[in-house]
Amino acid sequence: GGTLSSGASFTMDLLNNIYVSGYGCDVGSSSYRWVTRQSTLAQAGLTWATVDDYVYPGNTYTIADGMAVDSLGNIYSAGLGVDGVGTYHWLVRESSNNGSTWANVDDYGLAALKTANAYAMTTDNAGNVYATGSAQGPANGPTNGLGGDGGAGGNGGTIFVLQSTTSTILVNIPENSSTGSAGGAHSGATGGTGGAGGITQANI
């Protein structure tokens, strides 16, 4: 029923229920909601129901990108949520009861003033669950106080792989990341504009 909806990934649980995660935009607003829909084995993909409709606290931009199911039947959905001050959070949500309820099990931020986004998920034969994504600096540097030059833009992103059992970074690979540009010079009593953030040219 939203003005814009998109499915980003799908998976199947141990009971052969099908799940699709993505986002939906509320009618008449710019609110992007993390949405997971399910079609049970009996429904065979002909009918679907929303089993997770989530917005990260403090903002209206939350989207899902990747899904996986582990050897115990737990279902995972990965993506991002933006908080009230505009920081992007790497999120993983889990259902341990075949989609009936969901909860955040990973809310990861690289560091202050950085952004993070989980794009995809997978599992291995030992039952470990992995999420992959990227993190990078802010889109634009800050503008300094009255009469000051603009702050430098954030550097480009870095690609990460996190393991769920330890929440540690297994892979840390810069991917064509550029350095943020210098801030603009001040003009009289007016502060300069913050520099543009660096670009990350990488897809997961």
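With which side chain does the side chain of Asp 107 make a polar contact at 2.6 Å? The partner is the side chain of Tyr 56. A polar contact here is a pair of N or O atoms within 3.5 Å; within protein, one must be able to donate a hydrogen and the other to accept it, and residues adjacent in sequence count only if both atoms are side-chain atoms.

This is a predicted model, where local features need pLDDT of at least 70 and side-chain atom pairs count only at pLDDT 80 or more, while totals for chains, interfaces and linings use all residues. Residues are numbered from 1 along each chain as its sequence is written, and side-chain values use heavy atoms, with hydrogens and water left out.

The side chain of His 89 is also a polar partner of the Asp 107 side chain.

| Side chain | Polar partner (side chain) | Distance |
|---|---|---|
| Asp 107 | Tyr 56 | 2.6 Å |
| Asp 107 | His 89 | 2.9 Å |

Not counting residues up to four places away in sequence, Asp 107 touches Tyr 56, His 89, Trp 90 and Leu 91 (contact means heavy atoms within 4.5 Å). Asp 107 is partly exposed, at 39% relative accessible area; that class lies between buried, under 20%, and exposed, over 50%, using a 1.4 Å probe and protein chains only.

Now to the strands. Asp 107 sits in strand β8, residues 103-108; strands are DSSP runs of E, at least two residues long, numbered from the N terminus. Strand β7 (residues 88-95) runs antiparallel to β8 and is joined to it by five bridges, and two strands pair if DSSP finds at least two bridges between them. Glu 94 has Ala 103 in β8 as its bridge partner.

Methods:
Helix = DSSP H or I, 4+ residues; strand = E, 2+ residues; numbered from the N terminus.
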